[in-house]
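Welcome to my notebook. I wrote these entries while looking up a few places in the model below.

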Amino acid sequence: MDLLTLTIVNAFIALVATAVLVLQDSADRQFRYQRYFVLAGLCMLLNASFSALRYAGYPLPYWLFPALTNSLSVGASLALAAGIHRHLQKPGKRLGLLLVFLLIFALHFVDAISSNLGYRMLLNIPIVLIVNLWCIAMLWQARHSELGKVYLAFMATFIFNILQFSARSIYLLLEQTQVVTANYSSLVHSIGFFCLTMFAILVFCCIIMLSHRQQKLMLQQLSERDALTGALNRRTLDLRLAAEFNRCRRKGSSLSLLLLDADHFKKINDTLGHAAGDQAVQHIAHIAEQQLRDYDLLFRFGGEEFLLCLPDTEHHIALQIAERLRQSIEKQRVQHTDQFTLTVSIGVASTPGATDWQSLLTQADQALYIAKSLGRNQVQSFSAVKSTQVATIPS
């Protein structure tokens, strides 16, 4: 295809992509990073539109073509980087990227740059490559998250863009310096516009994948997570514990359960109110999350009860974790109008010694029974059940 046809195709793709992103953003405004992707689509659309007019034979002033079109090409990469930066919630201001765009546009009016294609390439292309590498670096750091596969698709797209820009730039610079005498610049330009078409399609697909995958994860989280604490809810317990129990049994490793209950929780609700009770529950969940590893599981088992699943954890290590957790909860006061100290009782049970996860959970429950019976604010192991006989749980 000739340059005119390719630029028209690019403009059409950018128009469709921008329109879809605008509709998606208006339908779901919680993903604010999408507005940067809309801006990237607009940059691509304007770039392709002005280029199409130029290749159709319409005379355009220098400030519009190539000054603005080149700047818009860089601006699209900057907007994509800003969207990724916002999505990943990276620290720092994104306003600086706008200043970079304005600076690049202003530099196009320097005499040496405005009169020489090679200098314009040296101005624009390194910025695009650096921004693309920055995007890859940000995504690489988050590759192990639940959206990791989408991030890998983004990275592959940016790598493709870096390779095609680098290859074209090297050839055109060699041709400008007359190191290469064969004149294939028109073919290289055509390949370049085709690559930009492919890049636009790939980026658009990655953006849609990101939005849909994030929406799916949010819906999954709503169905699996407790609204107050963010811990896994009781409905997911059977499936998750069964999977971890079977995995540890296959590996021959130990699985430990910690069943935790807030002490005198009814008194907190009765004297300080249910808001204080909610904050106490959130307090426990927050500290527990800080103590856990990435692959440990935290469930809200009941009103003020939590269950911690610790895969690949021996019993003596589980007891140490439980004691550290108990001390942390006791030392940190609950932030409320009337700040108060909260204590917990914890029962610990570990494999081997349980034929299934249900029996292991029963053992942890019996250990918790002992902890509360012996005065609360302590950790007890299931082995204590065999040597301790308690008739009733104190009220």
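I began with what covers helix α1: α2 (34-55) and α8 (185-224) are among the elements over its buried residues. The covering is judged by contact, meaning heavy atoms within 4.5 Å. Helices are DSSP runs of H or I with at least four residues, strands are runs of E with at least two, and both are numbered from the N terminus.

A note on the source: this is a predicted model, where local features need pLDDT of at least 70 and side-chain atom pairs count only at pLDDT 80 or more, while totals for chains, interfaces and linings use all residues. Residues are numbered from 1 along each chain as its sequence is written, and side-chain values use heavy atoms, with hydrogens and water left out.

**Helix α1.** I listed its buried residues, including Leu3, Leu6, Thr7, Asn10, Ile13, Leu21 and Asp25. Buried means under 20% relative accessible area, exposed means over 50%, and partly exposed is in between, with a 1.4 Å probe and protein chains only. Does the length of α1 agree or disagree with what its residues should span? The 25 residues of α1 (residues 3-27) should span 36 Å at 1.5 Å a residue, and the end C-alpha atoms are 36 Å apart, so the two agree. The expected span is 1.5 Å times one less than the number of residues.

**Ser51.** I found Ser51 in helix α2. Ser51 counts as buried because its relative accessible area is 2%. Setting aside neighbours within four places in sequence, I see Ser51 in contact with Thr7, Phe65, Thr69 and Phe193. Thr7 is also one of the buried residues of α1.

**Two cis bonds.** Phe65 turned up again here: the peptide bond from Phe65 to Pro66 is cis, with omega near 15 degrees. Pro66 belongs to helix α3 (residues 63-87). The bond from Thr351 to Pro352 is cis too, with omega near 0 degrees. I located Pro352 in the loop between β4 and α13 (357-373).

**Positive phi.** Gln89 is not a glycine, yet its phi is positive, at about 55 degrees. Gln89 sits in the loop between α3 and α4, and with a relative accessible area of 65% it is exposed. Asp312, also a residue other than glycine, has a positive phi near 55 degrees. I placed Asp312 in the loop between β3 and α12 (315-331); at 30% relative accessibility, Asp312 counts as partly exposed.

**Strand β1.** Is β1 largely enclosed or open? Seven of the seven residues of β1 (residues 256-262) are buried, so the strand is largely enclosed by the rest of the structure. Ser256, Leu258, Leu260 and Ala262 point one way, Leu257, Leu259 and Asp261 the other. I then looked for partners, where strands pair if DSSP finds at least two bridges between them. β1 runs antiparallel to β3 (residues 305-310), with six bridges, and Ser256 has Leu310 as its bridge partner there. With β4 (residues 344-350), β1 pairs in the antiparallel sense over seven bridges, and Leu257 stands opposite Ala349.

**Helix α4.** My last stop was Leu99, in α4 (residues 95-107). Leu99 counts as exposed because its relative accessibility is 54%.
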